[in-house]
Amino acid sequence: MNLLMLINTAGLDYDDRLRKEVLSLQERGVQVQIVALEYNNRADERIVYGHTSALTIHLRFRNWFPRSRALLVKTIEMYWKFSLQILKHKPQILWVHNLEMFGLMPVLILMRKIGFVKRLIWDQHELPSDSMLASRAYMSLYRMLVNLCDMVVMANEERRDLILKKVRITKPVQ
């Protein structure tokens, strides 16, 4: 069984939660590959966590626009590059980290529906902001996207319980 993880992270070397997840999955015989955008914004291929293949992507628009500017353009570029890597790797399981993948989720759900990806897991390290939790429109869309995934993973019980209370989720939440 092969699994591809997508993540936007400060750095693979510093992401203990990702390291623990990868090592735990590998102990169960899952072949894990990582595609990441690190804060240093460098394209690279390397082995992490002992023997996990990791590819980091580079966003050209990050060099063109200052920090906190043209976020939509940078996000679209990130989604595009992640999508190309999914098509290249053809994973059985796609494990997507963080809420910033929100806009990519409809594409990933479509990939699963047509059979390109067999399972879709959305791992949410953080909670949506209070303003997002208060927005009916956001919560309606969030609920729909979460329920179209095969599984949702939350960082801890407290966050899981809050999301279960706020959102009617019909899929397993870990």
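Student: How do β2 and β4 pair, parallel or antiparallel?
Tutor: In this predicted model, β2 (residues 31-38) and β4 (residues 52-56) run parallel, with 4 bridges between them.

Student: Which residue in β4 is the bridge partner of Val-35?
Tutor: Leu-55.

Student: And what holds paired strands together in general?
Tutor: Backbone hydrogen bonds, in either a parallel or an antiparallel arrangement.

Student: What order do the strands of the sheet come in?
Tutor: The order is β3-β4-β2-β1-β5-β6-β7, an open sheet of 7 strands with mixed pairing. β3 (44-48) and β7 (151-154) are at the edges with a single partner strand each, so one side of each has no neighbour in the sheet. From one strand to the next, the twist averages 20 degrees.

Student: Which strands does α6 lie across?
Tutor: Helix α6 (residues 136-148) lies across β6 (119-124) and β7, at about 130 degrees to β6.

Student: New topic. How many salt bridges are there?
Tutor: The structure has 9. One of them joins Arg-112 to Asp-150, with the closest N and O atoms 3.7 Å apart. That pair links distant parts of the chain, 38 residues apart: Arg-112 is in helix α4 (residues 105-113) and Asp-150 is in the loop between α6 and β7.

Student: Is Arg-112 buried or exposed?
Tutor: Buried, at 16% relative accessible area, because the cut-off for buried is under 20%. Asp-150 has 21% and is partly exposed.

Student: What about Arg-19, which residue does it form a salt bridge with?
Tutor: Asp-16, with the closest N and O atoms 3.6 Å apart.

Terms used. Residues are numbered from 1 along each chain as its sequence is written. This is a predicted model: local features need pLDDT of at least 70, side-chain atom pairs count only at pLDDT 80 or more; totals for chains, interfaces and linings use all residues. Side-chain values use heavy atoms; hydrogens and water are left out. Two strands pair if DSSP finds at least two bridges between them. Helices (H or I, at least four residues) and strands (E, at least two) are DSSP runs, numbered from the N terminus. Axes are lines fitted to C-alpha atoms, for helices over the stretch in contact, and angles run from 0 to 180 degrees between N-to-C directions. Contact means heavy atoms within 4.5 Å. A salt bridge is a side-chain nitrogen of Lys or Arg within 4 Å of a carboxyl oxygen of Asp or Glu. Buried means under 20% relative accessible area, exposed over 50%, partly exposed in between (1.4 Å probe, protein chains only).
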